[in-house]
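Have the model open as you read.

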Amino acid sequence: MKLCPHCANPIDEDVRICPFCKGSVERRGWVLQGTGEKADSVPSREAEEEKKGSVLKVIVYLLVVAVVVIGAFLAGWLMPKSERGSGLTAPSLEGRGQEAREENRQIEQLDSEIAQLRKELEGSSKEVAELRARLEKTDRALSSAQERLKSVSRESKGPAAAAPPTPAIGRAATEPFPSVVWPKPAEPGSYEIIRPTTVFEGPSDSSRKVATITIGTRVNVVGSVGDWLEVRSRRGNPPGFIHREDAMFVGSAK
């Protein structure tokens, strides 16, 4: 037995590499365990050859491992696709097929909904065009009816109404309003204002002004005094008188 010069552990004399510290023990002058004698020296050539052998063994081992790995890889790569994919990719392929079928079904459903919306849009466009045509026709009929009403109103007023006097709005208070001879009293009922007019407290331009009425407003006429119409408001406004030529008869009182 001898001691390792590196870790001082007892090792066999024929051991050249310490099993504890893996150090080389091929040196001269080592002391045998239990004795004071020195071990025989080992030629350095043998140590070098043994070291080269160990390196070669390691290289050969690594080459064998590499060959085995490469062979396994090539064997798996060269395996037919049917064998490689059987039992592994079938579930995934089936799942993808189901997803593709579901997507196709959704696409078909969306196409059907789009087609339905297009039909509804076309129908709505036709309805809008018809409504526009009806509205234009109604506007023309309304304009024609208004013209006829104005013509009838002028005829009912007599020859003196051919040239209606200037409205009272904007007229000076001292300017006398031209008198118009009306053939008969005004019929009570609903009248529409055909030009802006002023409501006076009495049947005279010199009376106190009560309110102003714009075109298109409908008033309730309860009677007349000469060329004045007596109006009553349905909204609580004060009663008064307006010029007869500023209003057009619309309908009788109910």
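## The chain at a glance

Of the 254 residues in the chain, 20% are buried, where buried means under 20% relative accessible area, exposed means over 50% and partly exposed is in between (1.4 Å probe, protein chains only). Keep in mind that this is a predicted model, with local features needing pLDDT of at least 70 and side-chain atom pairs counting only at pLDDT 80 or more, while totals for chains, interfaces and linings use all residues. Residues are numbered from 1 along each chain as its sequence is written, and side-chain values use heavy atoms, with hydrogens and water left out.

The chain has three helices and nine strands; these are DSSP runs numbered from the N terminus, helices being H or I with at least four residues and strands being E with at least two. Reading from the N terminus, the order is β-β-α-α-α-β-β-β-β-β-β-β. Among contacts with a separation of 6 or more, 49% are between residues 24 or more positions apart, a contact being heavy atoms within 4.5 Å.

## Strands around β3

Start with β3 (189–193). Four of its five residues are buried, so β3 is largely enclosed by the rest of the structure. It runs antiparallel to β6, with four bridges joining the two; two strands count as paired if DSSP finds at least two bridges between them. Tyr 191 stands opposite Val 219 in β6, and Glu 192 has Arg 218 as its bridge partner in that strand. β3 also runs antiparallel to β9 (residues 247–252), this time with five bridges, and there Ile 193 stands opposite Ala 247.

β6 in turn is joined to β7 by five bridges, again antiparallel, with Val 221 partnered by Val 231 in β7. β6 and β7 make a hairpin with two residues between them, and Gly 226 in the turn has a positive phi of about 65°.

## What sits inside

Which residues make up the largest nonpolar core? There are 11: Ala 186, Tyr 191, Ile 193, Val 199, Ile 213, Val 219, Val 221, Leu 229, Val 231, Ile 242 and Ala 247. β3, β6 (218–225) and β7 (228–232) are the elements that give two or more residues to this core. For the term itself, a nonpolar core is a set of buried Ala, Val, Leu, Ile, Met, Phe, Trp, Tyr and Cys residues joined through side-chain atoms within 4.5 Å. In soluble globular proteins, nonpolar side chains tend to be buried together.

## A nonpolar patch outside

Now turn to the surface. Val 58, Tyr 61, Leu 62, Val 65 and Val 69 form a nonpolar patch there, with about 500 Å² of accessible area together. Patches are built from residues with over 30% relative accessible area and no salt bridge, joining like charges within 9 Å and nonpolar side chains (Val, Leu, Ile, Met, Phe, Trp, Tyr) within 5 Å. Leu 62 belongs to helix α1 (residues 44–78) and is exposed, at a relative accessible area of 53%.

## Charged pairs

The structure holds four salt bridges, each a side-chain nitrogen of Lys or Arg within 4 Å of a carboxyl oxygen of Asp or Glu. Among them are these:

| Pair | N to O distance |
|---|---|
| Arg 105 and Glu 102 | 2.5 Å |
| Arg 195 and Asp 246 | 3.4 Å |
| Arg 232 and Glu 230 | 2.5 Å |

Where do Arg 195 and Asp 246 lie? Arg 195 is in the loop between β3 and β4 (197–200) and Asp 246 in the loop between β8 (240–243) and β9, so the pair ties together parts 51 residues apart in sequence. Asp 246 is buried, at 0% relative accessibility.

Arg 105 and Glu 102 are three residues apart in helix α3 (residues 90–157), which separates them by about one helical turn. Arg 105 is partly exposed at 42%, and Glu 102 is partly exposed at 34%. In the remaining row, Arg 232 is partly exposed at 33%, whereas Glu 230 counts as buried at 19%.

Note on methods. Areas by Shrake-Rupley, 256 points an atom, 1.4 Å probe, with all protein chains shown as cover.
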